[in-house]
Amino acid sequence: MPAPLLQVHLFSGGGFIFMGWVFQILAELEPNDTRAADVRARIRGVVFDSSPADVTADVSSRALVAAALGRPADNIEEELPWLVKPTAAVVEGYLKLPFIRSSLLGMEQSWLQQAPACPKLFLYSQADVLIQPGVVEGFMQEQQAAGSQTYFYKWSDSAHVDHYRKYPEEYKQQLALFVQRVLPEQQQQQQQQQQQQQQQQGQQLGGAGADEQV
């Protein structure tokens, strides 16, 4: 049975950074490990939810404080300056460390040089206070230049990583359309398997009926 095709669905700056490192690691392993090449070849699409982000002290500090307090990031810098500003100072020093700068640079380059040139869907919002629409759209253009087909859906008022909660039907519709575009072979295989299972079940039921008549 062939290995299943893959679709990556990532969220926010953290998902963007994590998958960038994954692609970087897979590329490093490929010369000596055919499994790494196989994984990369099976990735047929990537969904970006509220992503990517500029990895800056300003964005990271507001995101960290919001996550720690379990609240939206809207106006958090104005409401909690005594907490956000010291956090930003710490993050800024951290981001200036040579090995961190090198690691983030490699991660960003991996999205252009080592990530699969597969279709990519961007789900984002004009109202996101952490991920600026211009950053998302600039990255889309870079991905197009690198050979990827890009699709997008932009809301006007949903908050960061809050699109599904506020607009569940629209969100699911966009995902369904994207899956149809990038995984048609997978869908055909699933339909064939379902048909075969139904035929086998029908044959078994028919056989059971014949036994009972005897």
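Helix α1 (residues 12-29) and helix α6 (residues 98-113) pack at an angle of about 80 degrees, and their axes lie 8 Å apart. Axes here are lines fitted to C-alpha atoms over the stretch in contact, with angles from 0 to 180 degrees between N-to-C directions. The two helices are therefore roughly perpendicular to each other, a label for angles of 65 to 115 degrees.

This is a predicted model, in which local features need pLDDT of at least 70 and side-chain atom pairs pLDDT 80 or more, while totals for chains, interfaces and linings use all residues. Residues are numbered from 1 along each chain, and side-chain values use heavy atoms, without hydrogens and water.

Which residues in α1 and α6 meet? The table shows them; contact means heavy atoms within 4.5 Å.

| Helix | Residues in the contact |
|---|---|
| α1 | Phe 16, Ile 17, Met 19, Gly 20, Trp 21, Phe 23, Gln 24 |
| α6 | Ser 103, Leu 104, Gly 106, Met 107, Ser 110, Trp 111 |

Now for the core. The largest nonpolar core has 34 residues. Such a core is a set of buried Ala, Val, Leu, Ile, Met, Phe, Trp, Tyr and Cys residues joined through side-chain atoms within 4.5 Å, where buried means under 20% relative accessible area with a 1.4 Å probe, protein chains only. Among the members that touch the most others are Leu 10, Phe 16, Phe 23 and Trp 111. Helix α1 gives the most to this core, with 5 residues. Leu 10 touches Phe 16, Met 19 and Trp 111, among others.

Across the 214 residues of the chain, 37% count as buried.

Conventions:
Helix = DSSP H or I, 4+ residues; strand = E, 2+ residues; numbered from the N terminus. Parallel < 35°, antiparallel > 145°, perpendicular 65-115°, else oblique. Buried < 20%, exposed > 50% of the residue type's maximum accessible area, 1.4 Å probe, protein only. Lists of a residue's contacts leave out its neighbours within four places in sequence.
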